[in-house]
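Open your viewer, keep the selection panel handy, and follow along stop by stop.

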Amino acid sequence: MDPTARITIISPLKTDTDDRVLPGRLRFHPPLPLTFGQSASTHAARAQKLIAASRTLSTGQMQAPPMKELTLLKRTQLALLAVLAALVLAAAGCAGSNQNGAGSGTPKSSQQGLKSLPSDIRAAYTDFDGPTGSSPFANFKPKQSPPWTIGYASSYAGNTWRSGSLNQLQNVLVPAYKKAGLVDKMIVTQSNLNDSTQIQQIRQLVNQGADIILLCCSSAAINPAVTYAQARGVPVVTFSGYTSAEGSVNVYGNYVQGGAAMADFVAKQMGGKGNMLLVTGIPGAASSDSVDRGVKKALKKYPNIKLVGTVAGQWTDQIAKTEVLKFLSTHPQKIDGIVTHSAQEIGVMQAVLESGRKLPPMTIGGEKGAACYWTKHPEWKTRLFNVWPPGSEATGAMSIMVRILQGQGPKVQSITRNLTEYGIDEVRAITPKGCDVNDATWIEPKDWFTEKYLDNFFLRPKAPLGKDIAVPGSGSTG
Amino acid sequence: MTVKDSSLLRRFADRHGYAAVPLGLLVCLLALAAVRGPHLFTSDGAAYAIVSAAPLIMATMALTPIAMAGRGGVDLAIGPLVGFVNVGLVFWLIKSGVTSPLFIIAFAIGVSVLFEVVQGLLIAGLRLQPVIVTLSGFLVLAGVNLMITDRPDGMTPAWLTAWGTPTSVLSPATGVLVAGFVMWTLIARTSFFHNLRVMGFNERTAYASGVPLVLTRVGAHAIAGVYAGLAGVLYTAVIASGDPAFGQQYTLIVVTALLLGGISVGGGRGGALGAVVGAIDVFLISDALATFDFGAGASFVVQLVYGLILVLALAVGTVFARSGLRRRPRDGRVEVLA
């Protein structure tokens, strides 16, 4: 088929007489029922008639359309298509008959790893949702001697939490470990919440010679990349979240417990009855879901509390504010308590105040602005919950990475701890008088993954730097 | 230049001239990759690159017939649709013990063809604006995905996991890509495809020339459904699990690939070559940028570069097209195709 012939039907109509070929008489002509079943000649004849009619109306200089252009799907092509489809299906069928059943990605259900931990540490694993089998890196030896290269495959950089953890990594941790001759450099990639991009970036970091990969806040989708890294002798450390793949060591607080504690606190302040609003994070993100599970579990104990709404603040103040305002304007009833994830409580607070309501009992997390408001209005029934402090979790992850590379031998796939809480006195102690109620930087807990605490999780423990590194915002000097 | 001049090169240029800019970009990006990340050119690196890029290539091919059908038809629902196939496969089929490749591929293609045909009927039959229909489709499917599962989880059968972890360049994913490409070249030889292009250029003229508009538009959507289904299967192989939140951002990436491939959303112009090259370009851009250390700003740098390259590619493409129009008048008529 000559490609130029094909256009002869349309070009003159379009370029010369676009409007004139569609007079009223033709516009109401019934469309040609061109179907694959219809014989080519019938259709061609009708098309010819129509075009002949249009030709008489236009200025002439038009060619009759070549008949072959309107022939339908050729038999040979149909046959080829069918053969192709059959081939694909047959190939697929073969693949399936060989190996059916579930493949990789199964979380290790074995409790072997947990048993090796001291009993007081084991308590932190109540309701824990990450994998707790024994770690495959118990006898891991790195490919090269220090200083090592760290690849950080971050999935997002657009909120205060992410900038808090990256800031701690780049400006505090890497320089400190570099000085000790343990870390050479850290390569950072960002995938903007796109799993397949993050998978590709993890592979690239492995190929570029990273000795260990750090991930943040990951999901099951990353499992194949973790397995890829493990097969090439590169361990993966996930902080503030987990992957169920065997080749990752997960470092994060017990978020289910955190959610339960927050809901429990607000429910008690509400007197065990009334309407509650939950401001969740990103629906579909694992850590967001973990907290919500805890909240719902705790609320089972309070049958008189009604969860009147769940809105998604996306862990971003501006979005949380918009969503809560929207909710409040469409729900005139009294809201007796609010449970919110952190990194959005300033937005929630502002929304309630702007709607002209009184602040009900509510949780706050690490945002300094909310804590500041609390010190100025101590009558507000609130409490500060450290569930996922960014700098502290990054600090723990860094130590664990170096420990793994030093061959200290992690005992278990996931390393966790209980959340901590700040009452008004502790908050006052770390909040200066001239604080700003819109300050969105983070308050960190005093102790989180301290070196002494992490020693419990390794077979041959030794603090890499011999001391804890201070986390700015925690009020402790380390 | 006469109509009779139909040397092989000439014909190729006529048919695929729209893809000149993306092809040029591809060469530049490959050169950059050779300098920055030579691992891409090893057997292992190439095998994984193909598997990683395969879902995007298929999804871009899915958008191509819809874009070519004109009326500004960009299927915004493509991301959530691929995501729906992903969670549907993992949480409905595989969880209930159905692991046969035959069923999985049939299900993937079946549901996405069904969804696309419904969209096509709404657009062509009720003459609703494509952007409204596909935006609704986007929102509906994004919600449905989160209803199926509220967190990323699940696993895939061994054969599908193996698809995502290839051992050589000649992996099943490559096979699916080749099959998709062959299918396209066969479709491109049918009169249905010619009708599609004619309709994309000018619907009124197509109508007057006897093109069945409703059937052609629905047909374009049905073809898109086949490719979207294959994209869903390949994506499931890559992540070896089900992810409900996937899809929202994916639409943007696929549309970027489509435009970068030189395919006109105004209709008529485009083809599988452009879709494939555009998708590979997008993949290589993010691949090349990942070798630089931009720290916290990395994701924004990637988006910035996508945007800049897109505008640049479109600008260069437009300039080429204009000079092409002036240079090659044919028998007194202006060449409007290609």
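Start by selecting Val279(A), which sits in strand β6 (residues 274–280) of chain A; helices (H or I, at least four residues) and strands (E, at least two) are DSSP runs, numbered from the N terminus. Is Val279(A) buried or exposed? Val279(A) is buried, with a relative accessible area of 0%, where buried means under 20% relative accessible area, exposed over 50%, and partly exposed in between (1.4 Å probe, protein chains only). Contact means heavy atoms within 4.5 Å. Beyond its neighbours within four places in sequence, Val279(A) is in contact with a group that includes Val311(A), Gly313(A), Val324(A) and Ile338(A). The list also includes Val339(A), Thr340(A), His341(A), Gln344(A) and Val348(A).

A word on the ground rules before moving on. This is a predicted model, in which local features need pLDDT of at least 70, side-chain atom pairs count only at pLDDT 80 or more, and totals for chains, interfaces and linings use all residues. Residues are numbered from 1 along each chain as its sequence is written, chains are lettered from A and ligands numbered from 1 in the order in which they are written, and side-chain values use heavy atoms, with hydrogens and water left out.

**Next stop: a sheet in chain A**

Show the strands of chain A as a cartoon and look for an open sheet of 6 strands with parallel pairing, in the order β2-β1-β3-β4-β5-β11. Two strands pair if DSSP finds at least two bridges between them. β2 (183–190) and β11 (414–415) of chain A stand at the edges with a single partner strand each, so one side of each has no neighbour in the sheet. Zoom in on β11(A): strand β5 (residues 248–251) of chain A pairs with β11(A) in the parallel sense over 2 bridges. Within this pair, Asn250(A) stands opposite Ser414(A) of β11(A).

Now bring in helix α16 (residues 390–405) of chain A, which lies across β1 (148–154), β2, β3 (212–216), β4 (236–239), β5 and β11 of chain A. Its direction is at about 165° to β4(A); axes are lines fitted to C-alpha atoms, for helices over the stretch in contact, and angles run from 0 to 180 degrees between N-to-C directions.

While you are at the sheet, pick Ser154(A) in strand β1 of chain A. Ser154(A) counts as buried, at 2% relative accessibility. Which residues does Ser154(A) contact, leaving aside its neighbours within four places in sequence? They are Arg162(A), Thr189(A), Gln190(A), Ser191(A) and Gln198(A).

**Next stop: the disulfide**

Select Cys372(A) and Cys435(A), which form a disulfide with their sulfur atoms 1.9 Å apart. A disulfide here is a pair of cysteine sulfur atoms within 2.5 Å, and by this rule the count over all chains is 1. The link of Cys372(A) and Cys435(A) is right-handed, with 80° about the S-S bond. Cys372(A) lies in helix α15 (residues 368–376) of chain A and Cys435(A) in the loop between α17 (424–430) and α18 (451–455) of chain A, so the pair ties together parts 63 residues apart in sequence. Both ends are buried: Cys372(A) has a relative accessible area of 0%, and Cys435(A) has 15%. For a contrast, jump to Cys28(B), which counts as exposed at 52% relative accessibility.

**Next stop: colour by confidence**

Chain A averages 80, and 76% of its residues score at least 70. Over residues 1–40 of chain A the pLDDT is below 50, and this stretch has 95 contacts in the model beyond near neighbours in sequence. Residues 53–72 of chain A also stay under 50, with 44 contacts beyond four places in sequence.

**Last stop: whole chains**

Zoom out to take in each chain.

- Chain A has 18 helices and 12 strands, and 56% of its 478 residues count as buried.
- Chain B has 14 helices and 0 strands, and 61% of its 338 residues are buried.

Conventions
pLDDT is the predictor's confidence in each residue, from 0 to 100.
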